[in-house]
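Please brief me on the structure shown here. I would like the main points, grouped by topic.

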Amino acid sequence: MNALVSLQSVSMVYGRGADAVRAIEDVTLDIAKGEFIAVVGPSGCGKSSLMKLISGLHLPSAGKFTIEGRPVTGPLKSVGMAFQNSNLLPWRNAINNVLLPLEIVQPHRSRMRSERAQYRAQALKLLESVGLAGFAEKHPWELSGGMQQRASICRALIHEPEILMLDEPFGALDAFTREELWCTLRDIQQQRKVTVMLVTHDLREAVFLADTVYVMSNRPGRIVMRREVGLPRPRDLEVTYTPEFQSIVHDLRACIGGRH
Amino acid sequence: MIQVVAPLLFTVLLFVLWEAVCRIFKLPLTILPAPSEVFGSLWQFRVPIYDNALVTLWTTIAGFLIATVFGLLLGIFVGWHRTVYSALYPVMVGFNSIPKVAVVPVLILWFGLGEVPAIITAFLISFFPIVVNVATGLATTEPELEDVLRALGASRLDVMRKVGIPRSMPYFFGSLKVAITLAFVGAVVSETVGANKGLGKLMLDAQSAFQVSIVFAGLLVLAVLGIVLYAITALIEKRFTRWAFRGQHR
């Protein structure tokens, strides 16, 4: 099997002893190289914990967790992350925000000083690809929410990570901007063939973007459903109005349940 | 324009009112001298006032600079980790609660009459707000941002350098405004308790000689110096943390 990320019966616990909170229980999933997966579920179901786990920030308490066949023992370095809040540094302009990971990750870190111009060009190209061509020198407060989020995604991609982790990245945006960003993300993934894990509670977003959608249950988070989205790529926003699309969303919704 | 004229007008008005009260009620010079008297003394004794003001200014700035360096370093140390924060905080609060006037006699005992006790008092009184502000700035770093960096393999030092310290700079520069005023208070208090030079000492001497208008002249100089020192630190603050003042620049 050529899984990039492999979780086998993995559980994760916060804290110890009597105070321990079981965040994730018995999760088994594989992410293939270049696959786009989405994790959906009710709030507080441990979606973000799963993300912390896969990025290596928090180690599992039980089960087997490997990346490219090797067990994970600490932060991965080949991960790019973006959150609902863009978390751009307000004292840096857009391009310097995008360059931040290169100042941390080797081998870029030691080359940063000598090859700054080249890195800047690379960052500029990335900003252009998400439609921020003229905004590289702008500070975060001069950008709209959608633009900030685009810059934040650029920051997550600049060091060419193996896995792009997105934790409800479009949650705070209005519906139109959100759909625009769906398309941006779709194009980026298509071009770069990057592996993406998207945590969201927007089912349409999950189905539109992902190859595989996982549904998690309430705490402790278990995977209660795995659904492959067979819709052909490239997908257009129009696809969201087709019966096939609707029926997948419907199935997922039924699986999550809750009172209506 | 109005921002320059309005405070100027108000200040002049205040002096006019003060003069009027003194004249109407015929207040004796030993109680409240009129501004005209005060400015008269200020001019008449300009040389000793100037000499002593320089001493106060230098002790204030020396104490303030030491407090800035020490406060910044201690603030980073305290904000580095929650455990350090909780371990040091009570002691610092306790230390800060000691009225610094009470410490001055001890300082004089150790260092003798002179500028050293004034510098140390200025330092002791002004470093606390700097420490607290820097530590708070560091402690309130967004955990998600920390995750972003840690997921890249950033060390604690990296997180501090790239995020924590730049982020706490507005807090730091903001605290300098408070600290400079406090340092000034510390220096003058120390001079009043025991010194051989400085505005505090000058005013103490004038008071014992019933030269009340000189006391008020000293107060006036203190006020002006206080405004100037505050303005300088406020300017430095704006210069270095423009991004935190973005609302005012748009």
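The model is predicted. Chain B has eleven helices and zero strands. Chain A holds an open sheet of six strands with mixed pairing. The two chains touch through 17 residues of chain B and 20 residues of chain A.

**Chain B: overall build**

- Along the sequence, chain B reads α-α-α-α-α-α-α-α-α-α-α.
- Its C-alpha atoms fill a box of roughly 75 × 50 × 30 Å along the principal axes.
- Of the 250 residues in chain B, 37% are buried.
- Take the contacts in chain B between residues at least 6 apart in sequence: 77% of them join residues at least 24 apart.
- Chain B is divided into domain 1 (1–32) and domain 2 (45–249).
- The C-alpha centres of domain 1 and domain 2 of chain B lie 31 Å apart.

**Contact between the chains**

- Chain B contributes 17 residues to the contact, and chain A contributes 20 residues.
- On the chain B side, the elements giving two or more residues are α7 (143–150) and α8 (156–193) of chain B.
- α7(B) gives the most to this side, with six residues.
- By class, the chain B side has nine nonpolar, one polar and seven charged residues.

**Helix packing in chain B: α3 and α4**

- The axes of α3 (residues 46–80) and α4 (residues 82–97) of chain B come within 5 Å.
- These axes cross at roughly 120°. Angles from 65 to 115 degrees would count as roughly perpendicular, and those over 145 as roughly antiparallel. α3(B) and α4(B) are therefore oblique to each other.
- From α3(B), the contact takes F77(B), V78(B), G79(B) and W80(B). From α4(B), it takes V84(B), Y85(B) and L88(B).
- The contact of α3(B) with α4(B) has six nonpolar residues, one polar and no charged.

**The sheet of chain A**

- The strand order is β6-β7-β8-β3-β9-β10 (chain A).
- β6 (79–83) and β10 (223–228) of chain A stand at the edges. Each has a single partner strand, so one side of each is left without a neighbour in the sheet.
- From one strand to the next, the twist averages 15°.
- β7 (residues 163–167) and β8 (residues 195–199) of chain A run parallel, joined by five bridges. Across this pair, M165(A) has M197(A) in β8(A) as its bridge partner.

**Strand β3 of chain A**

- β3 (residues 36–40) of chain A is mostly covered, with five of its five residues buried.
- F36(A), A38(A) and V40(A) point one way from β3(A). I37(A) and V39(A) point the other way. All are buried.
- Four bridges join β3(A) to β8(A), and the two run parallel. In this pair, I37(A) stands opposite M197(A) in β8(A).
- Four bridges also join β3(A) to β9 (residues 212–216) of chain A, again with the strands running parallel. Here A38(A) has V213(A) in β9(A) as its bridge partner.

**F15 of chain B**

- F15(B) sits in helix α1 (residues 2–24) of chain B.
- F15(B) has 15 other C-beta atoms within 10 Å. The buried class needs 20 or more, and the exposed class 12 or fewer. F15(B) is therefore partly exposed.
- F15(B) and V221(B) are 206 residues apart along the chain, and their C-alpha atoms are separated by 15 Å.

**Backbone features in loops**

- The peptide bond from R233(A) to P234(A) is cis, with omega near -5°. P234(A) is in the loop between β10 and α8 (243–256) of chain A.
- N87(A) is a residue other than glycine with a positive phi, near 55°. Its place is the loop between β6 and α2 (94–99) of chain A. N87(A) counts as buried because it has 21 C-beta neighbours inside 10 Å.
- F210(B) is not a glycine, yet its phi is positive, at about 60°. F210(B) lies in the loop between α9 (199–208) and α10 (212–240) of chain B. F210(B) is exposed because it has 11 other C-beta atoms within 10 Å.

How values were computed. Residues are numbered from 1 along each chain as its sequence is written. Chains are lettered from A and ligands numbered from 1 in the order in which they are written. This is a predicted model: local features need pLDDT of at least 70, side-chain atom pairs count only at pLDDT 80 or more; totals for chains, interfaces and linings use all residues. Two residues are in contact if their C-beta atoms, placed from the backbone, lie within 7 Å. Ala, Val, Leu, Ile, Met, Phe, Trp, Tyr, Cys and Pro count as nonpolar, Asp, Glu, Lys and Arg as charged, and the others, Gly among them, as polar. Domain bounds come from an automatic or database domain assignment. Two strands pair if DSSP finds at least two bridges between them. Axes are lines fitted to C-alpha atoms, for helices over the stretch in contact, and angles run from 0 to 180 degrees between N-to-C directions. Angles under 35 degrees count as roughly parallel, over 145 as roughly antiparallel, 65 to 115 as roughly perpendicular and the rest as oblique.
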